[in-house]
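This report describes the architecture of a protein chain, part by part. Please keep the sequence and the model in view while reading.

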Amino acid sequence: MEIITVIKDMQARSDKMRQEGKTVVLVPTMGFLHEGHLSLIREGRAYGEDLVVSIFVNPAQFGPGEDLESYPRDFERDLDLLRKEGVTAVFSPDAQEMYGENFQTFVELEKLPKHLCGLSRPVFFRGVATVVTKLFNIVKPHVAIFGEKDYQQLMVIRQLVRDLNFEIKIVGTRTIRETDGLAMSSRNTYLSENQRISALALNQSLQKAQELVENGQKDTFGIIDTAARMIRSHRETEIDYIAICDPETLDDMETIDRPARMALAVKVGKARLIDNILLKPKVSESNFKKRSRKADQ
Ligand code: AMP
């Protein structure tokens, strides 16, 4: 496994791989790897033989007062995990290498960041879009893998690839959870034992929402209210947002008359955690018959 810290070296290596006809697959991460990251890597393996993982805690996506300094890091442990997964190269530059002197070009989306996490983290998606653009130009992948756990981020990257004409296939993969349902996250390490229990409320409230929708509830206000009550009943929780939105535009939905994405962000102690679920409305018997008749025609 090659460990590369210099942009020019990474670019030269990727050029060589491409000339040899190899498919380059990129899995971008901020390190402190867990099973969620490893699932992305395993998915990536199916797409090509050159599997590159980037590890970079990107200062541009952290706002003032956020956890850039305290973000968990364990580079040696990460490398051990990546060797076991058969990763061919790790790209791990420092901030000076990535942004250097006099950096001044940022990539900004107009609409998608005006929702969900973008409202409380104003520089976040500009930082993500900028670093991902740079990683695409440095690693030159044919395929890049991202988790649905960061749903809005995945939508931002799909949009960025369309808007800027990157010839890169973006693959989104499902969220990996602990056995009790908590979505895996590097930030879970911030949680005390009691906060860890409170954090279960995130997934539980999403599951409850799904149950309500399956039972025919359509009004999003009621579903969000139920979720908010469930979360607030746990100690040390502070809701940033709970939203039910259009899966593509992320605009709020009032009625679940088509599949919707429910997303939430909650602070538990000092950890800001996010999670999401796809809510699918129950197809009534008569609607179902109508739709299948249409499909038959
Ligand atoms: P991060 O290191 O947190 O920036 O995450 C790197 C990539 O791993 C992103 O594409 C995330 O969406 C993805 N990821 C993080 N947590 C999970 C998880 N629990 N399951 C699946 N993918 C995840």
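The protein chain is divided into domain 1 (2-173) and domain 2 (186-279), with bounds that come from an automatic or database domain assignment. The model is a predicted one, in which local features need pLDDT of at least 70 and side-chain atom pairs count only at pLDDT 80 or more, while totals for chains, interfaces and linings use all residues. Residues are numbered from 1 along each chain as its sequence is written, and side-chain values use heavy atoms, with hydrogens and water left out.

**The sheet of strands β1 to β6**

Helices (H or I, at least four residues) and strands (E, at least two) are DSSP runs, numbered from the N terminus. Two strands are said to pair if DSSP finds at least two bridges between them. Six strands form an open sheet with parallel pairing, in the order β1-β4-β3-β2-β5-β6. Its edge strands are β1 (2-4) and β6 (169-173), each of which pairs on one side only. On average, neighbouring strands of this sheet are turned by 25 degrees against each other, direction ignored; axes are lines fitted to C-alpha atoms, for helices over the stretch in contact, and angles run from 0 to 180 degrees between N-to-C directions.

Within this sheet, strand β2 (residues 24-29) pairs with strand β5 (residues 143-147) in the parallel sense over two bridges. Valine 25 stands opposite valine 143 in β5.

**The sheet of strands β7 to β9**

A further open sheet consists of three strands in the order β7-β8-β9, with antiparallel pairing. One side of β7 (237-245) and one side of β9 (271-279) are left without a neighbour in the sheet, because these strands stand at the edges and each has a single partner strand. Neighbouring strands here are turned by 10 degrees against each other on average, direction ignored. Eight bridges join β7 to the antiparallel strand β8 (residues 260-268), and isoleucine 244 stands opposite methionine 262 in β8.

**Helices on the sheets**

| Helix | Strands touched | Angle |
|---|---|---|
| α8 (residues 193-214) | β7, β8 and β9 | about 15 degrees with β9 |
| α9 (residues 220-232) | β7 and β8 | about 160 degrees with β7 |
| α6 (residues 124-139) | β2, β3, β4, β5 and β6 | about 150 degrees with β2 |

**Between the domains**

Taken over C-alpha atoms, the centres of domain 1 and domain 2 are separated by 26 Å. The contact takes 21 residues from domain 1 and 19 residues from domain 2. About 1,800 Å² is buried between domain 1 and domain 2, and carbon and sulfur atoms give 53% of that area; buried area is the accessible area (1.4 Å probe) that two parts lose on being put together, summed over both.

Two salt bridges are counted between domain 1 and domain 2, a salt bridge being a side-chain nitrogen of Lys or Arg within 4 Å of a carboxyl oxygen of Asp or Glu. On the side of domain 1 that touches domain 2, the elements giving two or more residues are α5 (116-120) and α7 (151-163).

**Salt bridges in the structure**

The structure holds 19 salt bridges. In one of them, glutamate 2 meets arginine 13, with the closest N and O atoms 3.0 Å apart. This pair links distant parts of the chain, eleven residues apart: glutamate 2 lies in strand β1 and arginine 13 in helix α1 (residues 7-19). Another salt bridge joins the side chains of arginine 261 and glutamate 148 (3.9 Å, N to O).

Notes:
Contact = heavy atoms within 4.5 Å.
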